[in-house]
Structure formats: C-alpha cells, structure tokens
Amino acid sequence: MYAIYVSGIRGVERQAMTNPYATIFKARGARGFAAAGFVARLPIAMAPIGLVTMVSQTHGEYWLAGAVAATFALTNALLAPQISRLVDRLGQTRVLAPATLVSVLAFTVLIAAAHLDWPVWTLFVSALLAAAMPSIPAMVRARWSEIFRDGPELGTAFAFESAADELVYIAGASLSVGLSVAVFPEAGMLVSTLFLALGSTALILQRGTEPRVCAGARAHRGSAILLRPVQIVTFALIFIGAIFATAEVSAVAITKQLGQPSAASLVIGVYAMGSFIIGIIVGALNIKLPLQRQLAIAVAIMALTTLPLLVADTVPLLALAIFASGVAVSPTFITAFGLIERLVPQAMLTEGITWVTTGIGIGMALGSFAAGWAVDTFGAHSGFWVSVAAGTIALSTVLLGQRALSGERRVASAS
C-alpha cells in the first residue's frame, strides 16, 4: 500500500505540465509529512477490523469482537476531537507525542490479552486506553493548510489526502484481515501498532512543517461540533463508516462460510485501487458544481450500490459488488472535507476535520457491532442489510442539510 501511495506521488510529478498534483509535492517538506502521515493513519482502518478479526478468532464470538472494536472506536471518537482541540491551542508536537505513546502501549497490552487469554475485561480496558490515538488525517491536512493557506493548491492537496484516506480505509482493512487470517490472529493488530508508532514518530520529528498555533485558538472556547455544517457532515459520515464496516465484517463471514476465508482480504481490497484512482481524477477535474451538490451525488451512488451486496453469493460476485460499492468513496471524502475547510473557522479547523474523521470511526464501530450481531443471529449475508439502512440514512441527512451546507467560505479565525 505504501508503494502504491509513493508511486502515486511520483506519477503526478512526472506529469507536471498537466497534472495539478505535481505542484503540491514540490513544497518543502511535503513529501516527508505526507508519507509519514500515510503510515501513521493506517491504524485508523486496521485497528477496528483487526480487533474484530483477532478477537473473533481467539475467542470465537463475533459479538464480543464487535463490542471490543466498538469500545475502541467510540471512545476514540470522543477523545480525538478533544486532542485536536488541544493541538489547535498548543501545537502538534506537545500533544501528539504523549497521546501516541499511551495508545501504542495500550494496543500492546490488548494484543497480549487476546493472545494469552486474559480475562475479557482486560480487552475492554485496553481498548479504552488505546483510544488516545490522535487523528492523523487532521494533522496532515493542517500542515497542508499551513503551506497553501487560501491558495488554489490547497484544494488539490485536500483531494489527494481524501484519496489517500480512502486507500487507507479500504486497503488498510484488507491488509489487517489478510495478516490475521494468513499468519496468526494478532498479526494485523501487531502491524497496525507498529505503523502507529513509527509513522507518528516520523511526523512529530518534522518540525519544519508543523502548523503555527492560531492567535485566536487559545481564546476561543467553543467547539467545532456546535457548528451546523460540522454536525451534518459528521452525522452523514457516521453511516458511510457503517457501510465500510458492514462490508468488512460480512466479507469475513461470507468467505468463511464459503470455505475460502483467505479470500476476505482480496474481496475487501477491491475497494482500494479503483476508488483511489477515481479520487485522484475527481480531485484534478476542478468540478464547478457546488460542493454540497457533489456530496449529495456521491452519497446517493453509495446508497444505491449497497443493494447488489444482498444477492452476492459467490466470491467473484461479492468482489464485484463490493468494488461497485466503493466507487463513490473518494468523491464522498473529497467533498466532505472540502466543505469543512470552507465552512469552519481556521482556529477550529483541526478539530472540525477530526469530528468528521471520527464520525467515520463511530460508524465503523457501530457497523461492526450491528453487522456482527446480524451475522451471528441471521446468517452471513444478513449483515449487508445494515449497509442498505446506513446508505439510506446518510443520503437523507445530506439531502436535508443542503441549505446549511451552502454557506459562505469560512473566516480566517474564530470570533
């Protein structure tokens, strides 16, 4: 995955005359923090599904696996915006280092608890502490904003990051499942923890691109979640995240039922390449349609493409249906984060981005739990009904919120 990410960077550089992505990677330090951020954010996707795969194999119960994953993801959804608010006020280095250390140590204990069959409560306590993991996508986007503030390159940078997020969510999950199924149950979580430690350390050490603390950040006491656009986008992406998680959990269950458990990694991974390429293309097109309309179209496509998942009863059909379901993922991310960048004050930008990112995490947690319960209760294919319901709610939310999402561009600082 990292090779795909780096080759994408090099590819855009070779097309400097026609491709707008070439310019952003000429900025000093851009390659370094983009690469470090990519590695550090892989656990966002690897950890939730890694926990499901690990605990379901070591303890044999999908509901327990989903509950542990939900504990981590929901707690992280509550903590990450508070960590990001501290980052807005104190700076990245002062906050990321201790938060990352706590998370890495807790993940290590969680892996040991699963492997050594410690009491079940140790899984939940470790998951709670591991939720101190900071929102790396928000940190990376804040660095892009520092370099290209109010410039045309910022939109391109955000588009590239959104495509990278999509690759992380889909390919990261595939890697986690593949390692746990093919090597040993804890392998996916072990690699995820190493990525978090190494990637975050590399990002923290790059002080030259660390954003300056906004003058209004210390004085401003409000929260970004009180802003209506942040509420709408975050709520919608909760259900987009549920679609991801349901596809992952159901794919693991269905391929196991079909006697081909190792195919789960391949099935989940077909999201990655097509959606990554589509995201890069969309980001380079400079589409003139208002962002809120673009978001509605992308979410509508996602909702419609959940329906074929219900009838996919072979591995090839399942892979094809999941590929179709992933087509609109990158455009959804690009427009969602674009709206946040436009509508949230600069003094609250890191927190605003984090709320949207953790909204996806909440959805993945709830989706994992709901899909796991549906699989255990009604059978492997039943989990995809969660995707259909989630897609319907996400689309309804975006359509009802069109007026609130059509506001003016954000001001330079919070009032």
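Trainee: Which helix gives the largest share of the lining of the largest cavity?

Mentor: First, this is a predicted model, where local features need pLDDT of at least 70, side-chain atom pairs count only at pLDDT 80 or more, and totals for chains, interfaces and linings use all residues. Residues are numbered from 1 along each chain as its sequence is written, and side-chain values use heavy atoms, leaving out hydrogens and water. Helix 3 (30–59), helix 4 (62–90) and helix 15 (349–378) each supply at least two lining residues (helices are DSSP runs of H or I, at least four residues, numbered from the N terminus). With five residues, the largest share comes from helix 4.

Trainee: What is the volume of the largest cavity?

Mentor: On a 1 Å grid over the protein atoms alone, a cavity is a set of points where a 1.4 Å probe fits but cannot get out, and lining residues have an atom within 4 Å of a point. Its 15 lining residues include I44, N76, M133, T357 and G361, which lie nearest the centre. Counting the space filled by probe spheres set on the points, joined across faces, edges and corners, the volume is about 150 Å³.

Trainee: How many charged residues are in the lining of the largest cavity?

Mentor: Asp, Glu, Lys and Arg count as charged; Ala, Val, Leu, Ile, Met, Phe, Trp, Tyr, Cys and Pro as nonpolar; and the others, Gly among them, as polar. The lining has 10 nonpolar residues and five polar ones, and the number charged is none.

Trainee: How many charged residues line the second largest pocket?

Mentor: A pocket is an open set with protein on both sides within 12 Å along at least five of seven lines. This one has a volume of about 210 Å³, and among its 15 lining residues D88, P211, R212, C214 and Q346 are closest to the centre. Its lining holds six nonpolar residues, five polar and, as asked, charged residues numbering four.

Trainee: Which element has the lowest mean pLDDT?

Mentor: pLDDT is the predictor's confidence in each residue, from 0 to 100. The chain has a mean of 83, with 90% of its residues at 70 or more. Where pLDDT is low, the predicted coordinates should not be read in detail. Helix 9 (residues 187–205) has the highest mean, 95, and the lowest, 49, belongs to helix 1 (residues 2–14).
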